Amino acid sequence: MTDLTADEARRIILRAQGFLGAAARAGGVPAMLRRVGAVQLDTISVLARSHELVAYARLGAVGRDAVERAYWDAPARAFEYWCHAACVLPIEQWPLYDFRRRAFRERRFRWHEVPPVVDKVLEQVRSDGPLTTADIGGAKNGDPWWDWSDTKIAIEWLLDIGEVVCTRRVGWRRVYELAERAIPAELLGRDLSDAECVTRLTGIAGRALGVATRADLADFTRVRGAHAALLDEALLSGAAGLVPVRVSGWPARRGAGAGGPNAWADPAALDGEPRGRHRTTPLSPFDSLIWERARAERVFGLSHRLEAYVPRDKRVHGYFAMPVLAGGRIIGRVDPAREGATLVARQVGFEPGARARHAEAMSDALWEAASWVGCTGVRVERVGTPELEAPLRAAVARGSHR
C-alpha cells in the first residue's frame, strides 16, 4: 500500500485531470474528453457553457468551434448520457452503460410516467430522424420546465433505454437519432453484464480522478444499491485496476481501521512525481475537478455550492461563482457576467491566506477569460476581501494596457 500526503494526492489529481504534465494538452479536446472520462452539461451560460469551460480550463483559448466539433460531430465521437449527471461521454463508452439502460427499461418510469405515445415517437424517429423535440411536437405543455409534453417524456425515455441517442446538438437542443444508425456497429454489438459495465466504469473513474475515495468513485458514475455493491467487488478484487492507498488527513475508510487504506488510485498515476505548472483559470462549478462538494473540500479546502437557484439576497459568492485555480490551489472565486465587450466581475472573493500575488493571478485569469470570449475590457464591481481590493483593481487596470 502506498502512503501519500494530502499535497501529493492533490498534485496527482491535478495531473490525472489534465492540469499538470507535458502530455496534458496533447490531442486537444477529444483527448481531454477521454482523459476526464465525462464532461457534465448544464444549461447555464455566463462566460460560456460549462462543457466549454472545462476544455478552456485545461487547454487555454481553444476555439469554441473546436470544442463543439469534439463533442458533437459526424461521425459521432461522443454521446450524451447519465454518468455523474447529464454528461458528454466518449463514444467508446456506449457499451458500458448497458447496465443503466437495462435498469431504466425495467423501471419504465422517469420523472414522469412513460406515456402510450412512446411507440409512435420511436417510429417517427425511425422514419424521419434525426429529430429535435420541435420536430416531434414540442418539449413542454406550459411554462414550468418540468411540465413536459408527452412526446418529450417519450423521447427522453427512449434515450434512457438506448433506443435513441444524442450525438449532436443544434442551438443547444438535442438531436435524437436511432442508436442503431448513430452508434458504430462494433459498439452496438457488445453485450456486457452489469458487473462488467460497473467494473470498467470504476476503472475509468479512478483514472480520471487519480486518487479517490470509494464515495468519490460511486459519485462519478452515480451507482447505488446493487450497482454500488458491484463497484465494491470490482475494487476489492482488483478487477477495476485500482490499488489501495492511504492519504494523510483524509477520513478513514469504514471498516479499514485507523492505519488502513482510505482511498484508491490508478497505479499509473503513482508512477513518477507530477511536475509542471498550469494556467491560472476559473473553473466551472460543474468541472469534474471540483464537482463533488465533499471531495472539493477534502482536496482543496473549498466549501462551494452553486448559488444560481439561491434567492439573490441569500447568495454569498454570486449567481455562478467560479472557483479560480492558481498554483495548484483554489485562491478565490469570481462571479462573472458579460456586458457588451466587457467581462464584468460582479463579485470577487479570495480564500483565507491569499496574498497580493493572488490578486495578480486573479487579474490574469479575468483578462485571459475575457480575451477567450471576445471581450476587450474587464470591470470589477465588488471585492469581498477588503485587504486585496486595491491590489486587484490595480492589477486589472494594468491588464488593460497589455
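The second largest pocket of this predicted model holds about 510 Å³ of space. A pocket here is an open set of points on a 1 Å grid over the protein atoms alone, with protein on both sides within 12 Å along at least five of seven lines, whereas a cavity is a set of points where a 1.4 Å probe fits but cannot get out; lining residues have an atom within 4 Å of a point. Grid points are joined across faces, edges and corners, and a volume is the space filled by probe spheres set on the points.

Of the 17 residues lining the second largest pocket, Trp 82, Arg 100, Phe 104, Arg 107 and Arg 224 are the closest to its centre. Helix H5 (residues 98–107) contributes the most to this lining, with 5 residues. Helices (H or I, at least four residues) and strands (E, at least two) are DSSP runs, numbered from the N terminus.

Leu 47, Pro 282, Val 334, Pro 336, Leu 343, Ala 365, Leu 366 and Ala 369 line the largest cavity. Strand E12 (329–339) and helix H15 (356–372) each supply at least two residues of that lining, and H15 gives the most, with 3 residues.

The table sets out the two spaces by volume and by class of lining residue. Ala, Val, Leu, Ile, Met, Phe, Trp, Tyr, Cys and Pro count as nonpolar, Asp, Glu, Lys and Arg as charged, and the others, Gly among them, as polar.

| Space | Volume | Lining by class |
|---|---|---|
| Second largest pocket | about 510 Å³ | 9 nonpolar, 2 polar, 6 charged residues |
| Largest cavity | about 30 Å³ | 8 nonpolar, no polar, no charged residues |

A nonpolar core is a set of buried Ala, Val, Leu, Ile, Met, Phe, Trp, Tyr and Cys residues joined through side-chain atoms within 4.5 Å, buried being under 20% relative accessible area with a 1.4 Å probe, protein chains only. Among the 57 residues of the largest nonpolar core, Tyr 97, Val 164 and Leu 217 touch the most other members. Helix H11 (residues 194–209) gives the most to this core, with 7 residues. A second, separate core of 36 residues includes Val 46, Ala 365, Ala 370 and Trp 372. Ala 365 also belongs to the lining of the largest cavity.

The domain assignment, automatic or from a database, gives domain 1 (1–271 + 281–291) and domain 2 (322–401). Their centres, taken over C-alpha atoms, are separated by 31 Å. In contact (heavy atoms within 4.5 Å) are 20 residues of domain 1 and 17 residues of domain 2.

Residues are numbered from 1 along each chain as its sequence is written, and side-chain values use heavy atoms, with hydrogens and water left out. In this predicted model, local features need pLDDT of at least 70 and side-chain atom pairs count only at pLDDT 80 or more, while totals for chains, interfaces and linings use all residues.

Key: Buried < 20%, exposed > 50% of the residue type's maximum accessible area, 1.4 Å probe, protein only.
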